[in-house]
Amino acid sequence: MRIARFSIDGNVAFGAVEGDQPDQLVLDIIKGIPFADFELSGTKVPLSKVRLLPPVLPNKVVAFGRNYAEHARELGNEVPDAPFAFFKPSTSVIGPGDAIQYPSFSEELHHEAELAVVIGRMCREVPRERVKDVIFGYTCANDVTARDVQRREKQWARAKGFDSACPLGPWVETDLDPADLTIQLTVNGGQRQLGRTSEMIHSIEDLIVNISEAMTLLPGDVILTGTPAGVGPLNVGDEVAVTIEGIGTLTNKVVKRG
């Protein structure tokens with residue numbers, strides 16, 4: 001099932017996305033929230049009549065770096081022996097169609113297409129065999145990075161945590177095998193990144209076991225799983241699109257920060 005979060009007439013709701021043709025998609029509004037037992041209301045609205053929002057509002061976004069060997073090498077980094085985590089604050093999250101604001105303190109903004117895992121239940125110290133039980137679903141993400149700031153400051157709080165640095169969407173796909181999916185990113189229609197989730201160094205199970213050893217994960221929290229090779233610059237006016245097989249496409253435009 002595809003679960004979207006949206007606004008219409010000033011109200012915010014979740015809905016199940018129905019249909020196959022992009023111009024014929026409709027939302028069946030959910031009674032309640034999708035992280036608990038819910039019912040479909042039967043009230044349907046065309047997707048074209050709503051504004052899609054970030055599919056979740058995470059308490060935290062835990063991102064894992066250098067989880068694709070070719071990407072680590074393209075930036076001159078060693079492949080880590082263990083998962084390498086950092087955070088993006090909740091204020092960095094934006095949704096499909098929202099603007100990526102080019103930060104005033106950077107001159108080298110980069111895109112990073114990623115598969116995002118959405119947590120569905122409160123959990124801690126998750127054993128490997130139970131990881132699937134705590135996953136709500138999957139969505140597309142763009143780990144937007146101020147690369148010059150990342151190099152200069154060594155730690156990544158500002159480089160990866162500025163407002164609008166974490167586009168998510170367009171919805172969460174709850175019925176998906178993430179083991180070997182195509183990840184593609186385009187800028188203004190031209191392909192920049194192309195990889196497969198099977199190229200991850202550390203699996204989704206590895207990542208969730210690793211981070212849940214240290215902290216409690218809450219429903220709606222997001223885990224970013226790393227980016228394949230091909231990261232590169234974004235400029236004001238660019239349209240960047242992340243497409244993941246079985247999920248859909250997340251599109252955002254880069255604007256000058258006002």
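Visitor: What are the ground rules?

Guide: Residues count from 1 along each chain as its sequence is written. This is a predicted model, where local features need pLDDT of at least 70, side-chain atom pairs count only at pLDDT 80 or more and totals for chains, interfaces and linings use all residues, while side-chain values use heavy atoms, with hydrogens and water left out.

Visitor: Which domain does UniProt place at residues 1–55, and how much helix and strand is there?

Guide: The unreviewed UniProt entry puts "domain: Rv2993c-like N-terminal" there. UniProt positions are in the numbering used here, feature names are shortened, and annotations may be inferred rather than shown by experiment. The stretch is 0% helix and 56% strand, with its end C-alpha atoms 13 Å apart. Helices (H or I, at least four residues) and strands (E, at least two) are DSSP runs, numbered from the N terminus.

Visitor: What makes β1 and β2 a pair?

Guide: Two strands pair if DSSP finds at least two bridges between them. Strands β1 (residues 2–8) and β2 (residues 11–18) have seven bridges, in the antiparallel sense, so they meet the rule. I3 has A16 in β2 as its bridge partner. In the hairpin, with two residues between the strands, D9 takes a positive phi near 55 degrees.

Visitor: How do you know that β2 also pairs with β3?

Guide: Four bridges join β2 to β3 (residues 26–31), also antiparallel. E18 stands opposite V26 in β3.

Visitor: Why are β9 and β16 called edge strands?

Guide: Look at the open sheet of five strands, ordered β9-β20-β19-β15-β16 with mixed pairing. Strands β9 (99–102) and β16 (190–196) each pair on one side only. Inside that order, five bridges join β15 (residues 182–187) to β19 (residues 239–244), running antiparallel, and V187 has V240 as its bridge partner in β19.

Visitor: Why is the pair of F86 and W156 called edge-to-face?

Guide: Rings of Phe, Tyr and Trp (its six-membered ring) pair if their centres lie within 6.5 Å; planes under 30 degrees apart count as stacked, over 60 as edge-to-face and the rest as tilted. F86 and W156 have ring centres 5.0 Å apart and planes at 70 degrees, so edge-to-face it is. F86 sits in β7 (residues 84–88) and W156 in the loop between α3 (147–153) and α4 (157–161), 70 residues apart.

Visitor: What kind of pair do F105 and F162 make?

Guide: Their centres are 6.3 Å apart and their planes at 80 degrees, so this pair is edge-to-face too.

Visitor: What makes R158 count as lying over the face of F105?

Guide: The rule wants NZ of Lys or CZ of Arg within 6 Å of the ring centre and within 35 degrees of the ring normal. R158 lies over the face of F105, at 4.5 Å from the ring centre. R2 lies over the face of W171, at 5.7 Å.
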